[in-house]
Amino acid sequence: MTLTNRQARHLFLDGHGLSDRSLGRATADRVLETVRALGFVQLDSINTVERAHHMILYSRLTGYRRSHLDRLHGKDAALFEHWTHDASLIPVEYFPHWRHRFDEARERLEKPVWRARLGDDAHAVIRAVHDRVAREGPLMARDFDDAHKGEGAWWGWGPSKTALEYLWRAGALAIARRERFEKVYDLTERVIPDEHRSREPSRAETVDWACREALARLGFATHGELAAFWDLVSPEEARAWAEAENGRDIVEIAVEGADGRLRKAWAFNEIEGRLDDLAPPSKTLRLVSPFDPAIRDRRRAERLFGFDYRIEVFVPANKRTYGYYVLPILEGDRFVGRIDLKAHRGDGVLEARGLWLEPRMRLTPSRETGLRRALDRLARFAELEEVRADEAFGRCRRGEA
């Protein structure tokens, strides 16, 4: 079968929790449901407006509060922190499938990049750090005198900070919580419930789980996209899985891109029934985090939505096309523009420094009203009292950069 571009956009947005105005009024349980539906929520320290993990959930849940996520991770142990494509909060029941990543991390200890930071006796440093955490309880890198020494790569990590990170990546330590975004490390057995630590899925079981769960959320995907979703399996493993399941649980389909071209992808057999159940996405305008899972794969966003988006946080100021912290604007099933925002917390102001609409999109009165309402909502969430956007709106109307 062939998915039209519109069907593909609707299916993709529905799988990413961006079809309805929200998934409901936020409670801790509802937030956990949302993280499970997404698979994970990326963590990021950039706080120009709001940190990525909070922004991702805010854009999907009415009344979301930061304390919801803090409770689920630090108190309830319903989420654990580890790597997908980047540092993320993940439902704790998925923990067993990260064992294979832990094994890979242990093998990397012998690489020079780790040895250079740990010193001449890497095993002794690692053992000393592990024993201190076991003896004293949860600790942060700042609790070690040599945690941050030196400059250059790896943010100036000293031996103890490197050992903490190694032990965490290898599964011996876990992140108990974050304090002002700083990791608090503890023994894994004191953080992760026994029922999840005791399971040991085989590699084949993890490959099957990772591919199925990725496809369920993406709606349709190439084998490369299946592998990239959790970053737990290789593209070759995902390809072999798809070929083995072809004709059983999954089928090969064609997906129309924004440019009209067709691209092959995999989907579950029941995709037609899922399409029949889809409601049209809400027209409520949303401001989406630069780290939102819906646009994490920039090439897919361009193919599917015709939206060419690149985050410019790490681009020198004089080489940026738009700005430092530019949020995509989602209206219904299309990305209609982008807006450069900055929170001036000392003044209580959310400033719009630039606004750009996509080709053939106009700043109609209704679109401007929707965008101003979205800015007001975001300002309240970021605990800011005022929005300053008139100049940016004016330049957009005049077609100025």
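Reply: Contact means heavy atoms within 4.5 Å. Helices (H or I, at least four residues) and strands (E, at least two) are DSSP runs, numbered from the N terminus. This is a predicted model, in which local features need pLDDT of at least 70, side-chain atom pairs count only at pLDDT 80 or more, and totals for chains, interfaces and linings use all residues. Residues are numbered from 1 along each chain as its sequence is written, and side-chain values use heavy atoms, with hydrogens and water left out.

Me: Which residues of helix 11 are called buried, and what covers them?

Reply: Buried means under 20% relative accessible area, exposed over 50%, and partly exposed in between (1.4 Å probe, protein chains only). In helix 11 (residues 223-230), Glu 225, Leu 226, Ala 227, Phe 229 and Trp 230 are buried. Their cover includes helix 2 (28-38), strand 3 (79-83) and helix 10 (203-218). After helix 11 comes Asp 231, with a positive phi near 60°.

Me: Why is strand 11 described as largely enclosed?

Reply: Strand 11 (residues 334-344) is largely enclosed by the rest of the structure because eight of its 11 residues are buried.

Me: What makes strand 10 and strand 11 a pair?

Reply: Two strands pair if DSSP finds at least two bridges between them. Six bridges join strand 10 (residues 326-331) to strand 11, and the two run antiparallel.

Me: How many bridges link strand 11 and strand 12?

Reply: Eight bridges link strand 11 to strand 12 (residues 349-357), in the antiparallel sense. Ile 339 has Leu 355 as its bridge partner in strand 12. Four residues lie between these strands in their hairpin, where Gly 348 in the turn has a positive phi of about 70°.
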